[in-house]
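I opened a structure today and kept notes on what I looked up. The entries go one topic at a time.

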Amino acid sequence: MNSAGLALLIVSVGGSAALLAAPLDRAFPGKLTLSVDASDTQHRVVHVEEHIAGVSRASVLLFPKWLPGNHSHTGPIERLTGLRISSHGVPVNWQRDPLDVYAFHLQPTGTAAITELDVAFDYLSPTEPAIDPVEMSPDLAVLDWNELLLYPAGFYARRIPVSAHLTLPAGWQYASALESEGTHEDRTQFKATDLETLMDSPIYAGRHVARFDLNPGGGAPVKLNVFADRPGQLVLKDEHLAAYRALVQQAQLLYGSHHYEHYDFLYALSDQIHGKGLEHHQSSEDTVGSGAFSDWDKTAWYRDLLPHEYTHSWNGKFRRPADLWTPNYNVPMQDSLLWVYEGQTEYWGDVLAARSGLWNKQQALDQLALVASYYDLQPGRQWRSLQDTTNDPIINHHRPTSWENWSRYKDYYDEGLLIWLDVDTLIRERSQGRRSLDDFAHAFFSIHDGSRTVLTYTFEDVVRALNQIEVYDWASLLRTRVEGVGQPAPLDGLKRGGYQLVYTDKPSDFQKDIEGLHKQLNLLHSIGAVIGDDGALSEVVWGKSAFQAGLVASAQIVAVNGQAYSPELLTEAITAAKASHQPIALILRSGSVYRITSIEYYEGLRYPHLERDPSVPARLDDILKSRERL
Ligand SMILES: [Zn+2]
């Protein structure tokens, strides 16, 4: 644990700036009792009532702002409405701090002492995607406690006792890492806990549920709790269940520990609510499309999500960058080590997807080809370091961004993955196959087995742990990869893994399935664009042929060489242009404006693949193979 660098929160009281003291590691002298009514799924309004004992007239109430796993100040304060505060039945006026709109100051009339408060408000869950990602439907709901409470300033979250109650629509079931005291009718009372555990234990609830035991052999229970739009979407074949069970076994072999008493995957298969992946110590929020089970063969792209979020129980929740750890939810976070937190988790997520059988080897190689080829072309590398992209959650709150390949965006995930492949294969090469990044993972994450107390780390700790596995100048290698600007994509790990990146005129099955899921055509490596099945452009590569022709995301290709747009027509035109050396004529529409343009591109279709290089040991094959033992 490291509390260095905690900022004082500057707030204004009565119009003049004042300091809100940093939270202290001391017991809150009271208790928070929370009652949440989530039964109104028609209006998507959640009613919250709170009783807060142990406060005073000077207390400040906070709405959570800096959210773990989001790595940024994404607390949706705009959804808090209808706020009413009282004490012993007497209304208490409140004033929102103009310099920190997440802080509420009490403005009691009279001089009577205040020792407890009743707080009520309505949480407005988004009603349509144009406002924000939808998290509630008539059939299922995602409930994050950070949206459903105010808490007292001045204390570490883990030192604030909480009791929570939840009311759901009639007939619904829920899943959570929270432990229940019991359910009466549709109201559940959870066992008393602390604010940190509550906030880290969200709820998935719904009408249609299936539950699977993923660790039937014993040890800490791991459950797969699945919610869907319709009951038929919950059917999981035995061989697919076996792969999820293998995920648990392979992760425990890799990390040599667990940092949960029990673990619950909260898995929604839905086209009604928005996709999501969010890690917690003892659970994860995982939402994908409704066909994840019923259309297994076409939805492989979804299947590194659970390995990724499960890995976070070790990498991110138990072990966390020192500058990212915060004592409560209104102290700013710093994201400098997200290329470890997210980058290595992305690496292990893909490796575990392969080792468990959730992916076959070819799917894992095809995914790696997509990642490597993206960085092979990404123009933004010319001006911006990977390190600088770790600021992206704070810069734009995970919103979509335009010209992503030029701006760069959260590259600490996938470029981080390539860097850890580089490190893994380098350890394997230098140790002649005797050691690997598996040994690092075991050493770094297996300590304090069973503990949920966060253990923080710095860049130097990572380098030291790597050197204990294999002596090398890891600090220089990592700094060059992470901080360098204008460097080629980090593809050494692929080469050392025994593969090279090649391009052919046919997409991999894995790419075709992704295109099918997103209803789009990925032509990044030919004309330099991604196009929806309706012709709408979603991405254009800065400087490539489509860019030169004036194409821009959101414009729509209406016609190709004089005929109405279809994906097949465009790919045929690209192939024909290679032979004819004639430009591809397009009609574009932006709103009500039509425009004629042409793309001068003559190299034909190009799609990325990995090709085995027999002159180098197949280290990548070894990495992707399931383990019998470490
Ligand atoms: Zn993650």
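Entry one, the zinc ion. I noted that this is a predicted model. I looked up the protein donors of the zinc ion and found His308 (NE2), His312 (NE2) and Glu342 (OE). Along the chain, the donors follow the spacing H-x3-H-x29-E. I then checked where two of them sit: histidine 312 is in the loop between helix H3 (305–311) and strand S24 (319–321), and glutamate 342 is in the loop between helix H4 (338–341) and helix H5 (343–356), so the pair ties together parts that are 30 residues apart in sequence.

Are histidine 312 and glutamate 342 buried or exposed? I found that both are buried.

Entry two, a sheet. I followed three strands that form an open sheet in the order S27-S28-S29, with antiparallel pairing. I wrote down strand S27 (520–523) and strand S29 (537–540) as the edge strands, since each pairs on one side only. From one strand to the next, the twist averages 10 degrees. As a reminder to myself, strands of a sheet pair through backbone hydrogen bonds, either parallel or antiparallel.

S27 pairs with strand S28 (residues 529–532) in the antiparallel sense, over four bridges. Which residue in S28 stands opposite glutamine 520? I found glycine 532 there.

I looked up helix H17 (residues 567–580), which lies across S27 and S28. Helix H17 runs at about 15 degrees to S27.

Technical notes:
Residues numbered from 1 in each chain as written. Predicted model: local features only at pLDDT ≥ 70, side-chain atom pairs only at ≥ 80, totals over all residues. Heavy atoms only, no water. Donors = N, O, S within 2.8 Å, 3.2 Å for Na, K, Ca; no water. Buried < 20%, exposed > 50% of the residue type's maximum accessible area, 1.4 Å probe, protein only. Pairing = 2+ DSSP bridges. Axes fitted to C-alpha atoms, helices over the stretch in contact; angles between N-to-C directions. Contact = heavy atoms within 4.5 Å.
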